[in-house]
Amino acid sequence: MNWQLLVNCCFLLSMSCSCLAQQQPADSSANTKTRQVLTYLAGLPQQGKVLSGQFAGYSPDTFSTSNIDQITQQIGQTPGILGCDWACGWNYKTPPEDLINYACNSALKTHWSLGGLVTVNMHLPNPVSSNGGGYKDRWNVNFADLTNTATQTGQRWRLFLDRMAAGFDDLQQSGVTVLFRPFHEMNGEWFYWGNQDAQTFKNVWIDMFNYLTNTKNLHNLLWVYSPDHSRGNRLAYYPGSAYVDIVALDVYTDDPNNMNGYDEMITLNKVFALGEIGPSTVNNQFEYTRWLTAIETKFPQVAYFLAWNDGWAPISNKYACAFYNHHRVINRDGMSLNNSLITTTTTITTTISTTSQSTVSSTGSTTSSSSSSSSSTTVIYNFSNGIGQWQGGSVNGGPWQSNEFTYSSTDSLKADVQLYQGGKSSIYTNQASTFTFGSYQRLVVRARTASWGFSSGGTMGAKLYIKSGSSWTWYDSGLTQLNSNSATQVVLNLNTIPSSSLSDIREVGVEFTSSANGGQTAVYIAYITAEN
């Protein structure tokens, strides 16, 4: 054995790990949290760990956290990274920049607030077209025009960047760092940005970096360069270390040991990741644990992976439980970034009453406060992820997940109820693991009623309530009249509830009360938050 060669290899590996641990963001003005995220990712391979991730679809057409919900419910783990694609570049719309849709941001914020990370990529429409589409049309685009605002293509591209910037700023205002993976698989020939002149591609990337970072003042982005492993020229389009934070490979294969490009990518001395992974044969038979064997034996510098959704997802294939519970894999609950959302909210002041479970509290009116203030907010329930363990009491049907009423781009729970004077129905949950708001001052639900089914003058009111302790003592917000055309915030003041009761909550729900007889109508609740 050549011991000197072994020593030299070990020295180079240790130097590489040291450089990664000290890696600074490409954006010299990156905010503190973004720097912390980069440092966290850089340290994972040194700990023998890899962070899990799951793509959740295209906003708004197919975005859904159903795969993540399945993983959580069936395996007891939640992937550490949630991914969304902001652009369905195969669709048509005028103006085309409106195809860039960041409605999934609400789900990304929720995932972040619960301790996870988020990543965004885009299948952007071709900027040559005035009505979108053409994301695979390479033949009709002069890629250099993207940086030339004297051309119509360049003007549209600048509008694309402005639209992206609005979505990223929405996340930045909430304190969320984004792993941004633009122009993925640029060394392939299947997208209009692929297989372009290398120097022109670099110019477009650098122009985009400078525009979003310096002109738009976005300092919450970590830039991910992610060619496809199955094609050559993986480094030909690399714009330079000053414009990239993370290098990755997109890999679809039935044998992870055959991943191409790893050795050349890690020579860039950047955090290395798997930007997309999935089997090349979609038949629900892929053994995802093969990826962990490959990472441990051949590709130890992998910091994180993002599994694609649907038939490519681990939960749709074999050994998902062993995969997510492997000692090397870090899921969301195992992360230690202490993320928080920065939000501004408008609140409603309410009167609280206390009775036993069998007694209905006295009705109280609510008064609105028009002032907005910065507050600490945690999203407790986001029904875009499904109904969870919510149930209906004295309802004609439901609850169901619904997009008939949305709040902050998230779905609601819907139930059908019968209208009669003094009639009561409820939507509630007994899922104790979600009752983690004892340190907050308010619990807030957004509620609405349908406009149909009421007799003349009939109204619907709602109370947000909790039941606590072995006697199931009832605390509620007082009755708030609901609107049929917009969200009504109903607020339960937690400050007036004994701490001993808040530490032993048995049920959280919304009780609806109709004021008059009528037919059948629908009630909705959405986006329940705990706030200070």
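Student: What handedness does the crossing have where α5 passes α6?
Tutor: α5 passes α6 in a right-handed crossing, meaning that the near helix is turned clockwise from the far one by less than a right angle. This is a predicted model, in which local features need pLDDT of at least 70 and side-chain atom pairs count only at pLDDT 80 or more, while totals for chains, interfaces and linings use all residues. Residues are numbered from 1 along each chain as its sequence is written, and side-chain values use heavy atoms, with hydrogens and water left out.
Student: And how do the axes of α5 and α6 cross?
Tutor: The axes, which are lines fitted to C-alpha atoms over the stretch in contact, come within 10 Å for α5 and α6 (residues 198–215) and cross at roughly 45°.
Student: Which residues in α5 meet α6?
Tutor: Contact means heavy atoms within 4.5 Å, and the α5 residues that meet α6 include Trp157, Leu161 and Phe168, with Met208 and Tyr211 among their partners in α6. The residues of this contact divide into seven nonpolar, no polar and three charged.
Student: Switching to the whole chain, how much of it counts as buried?
Tutor: Of its 532 residues, 57% count as buried, which is under 20% relative accessible area with a 1.4 Å probe.
Student: How many helices and strands does the chain have?
Tutor: The chain has ten helices and 24 strands, taken as DSSP runs of at least four residues (H or I) and at least two (E) respectively.

Key: Buried means under 20% relative accessible area, exposed over 50%, partly exposed in between (1.4 Å probe, protein chains only). Axes are lines fitted to C-alpha atoms, for helices over the stretch in contact, and angles run from 0 to 180 degrees between N-to-C directions. Ala, Val, Leu, Ile, Met, Phe, Trp, Tyr, Cys and Pro count as nonpolar, Asp, Glu, Lys and Arg as charged, and the others, Gly among them, as polar.
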